[in-house]
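Look at the model below, then work through the questions that follow.

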Amino acid sequence: MITAHALNILVMALALALVLIVAATVHLQQVHRRDLAKVNERLGALEAAGELGHE
């Protein structure tokens, strides 16, 4: 039978794993958001250059 101490360690390990997963998810969302902002900025510049070229 599993002891209370072993169960406590298991619960803490699972909690740490969950915290790491959440932190990684938040980090990847921030990176994705930053990359998307760069793409939108470049797209805006290309659209502006294209509009100037048609005049």
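A nonpolar surface patch is made of residues with over 30% relative accessible area and no salt bridge, with nonpolar side chains joined within 5 Å. The model is predicted.

Q: Which residues make the nonpolar surface patch of about 690 Å²?
A: Members of such a patch need over 30% relative accessible area. Val 11 has 48%. The patch is made by Met 1, Ile 2, Leu 7, Leu 10, Val 11 and Leu 14.

Q: Is Leu 46 buried or exposed?
A: Leu 46 lies in helix α1, which covers residues 4–54. The cut-off for exposed is over 50% relative accessible area. Leu 46 has 62% relative accessibility, so Leu 46 counts as exposed.

Q: How many Å apart in space are Leu 46 and Leu 28, C-alpha to C-alpha?
A: In sequence, Leu 46 and Leu 28 are 18 residues apart. In space, their C-alpha distance is 27 Å.

Q: What is the radius of gyration of the protein?
A: The protein has 1 helix and 0 strands. For 55 residues the globule rule gives 10 Å, and the protein is well over that value, so it is more spread out than a compact globule. Along its principal axes the C-alpha trace spans about 80 × 10 × 5 Å. The radius of gyration is 24 Å.

Q: What percentage of the 55 residues is buried?
A: A buried residue has under 20% relative accessible area. Val 11, at 48%, is partly exposed. Across the 55 residues, the buried share is 0%.

Notes
Residues are numbered from 1 along each chain as its sequence is written. This is a predicted model: local features need pLDDT of at least 70, side-chain atom pairs count only at pLDDT 80 or more; totals for chains, interfaces and linings use all residues. Side-chain values use heavy atoms; hydrogens and water are left out. Helices (H or I, at least four residues) and strands (E, at least two) are DSSP runs, numbered from the N terminus. Buried means under 20% relative accessible area, exposed over 50%, partly exposed in between (1.4 Å probe, protein chains only). The radius of gyration is taken over C-alpha atoms; the globule rule is 2.2 Å times the number of residues to the power 0.38. Patches are made of residues with over 30% relative accessible area and no salt bridge: like charges are joined within 9 Å, nonpolar side chains (Val, Leu, Ile, Met, Phe, Trp, Tyr) within 5 Å. Accessible areas come from the Shrake-Rupley method with a 1.4 Å probe; for residues, only the protein chains shown count as cover. A salt bridge is a side-chain nitrogen of Lys or Arg within 4 Å of a carboxyl oxygen of Asp or Glu.
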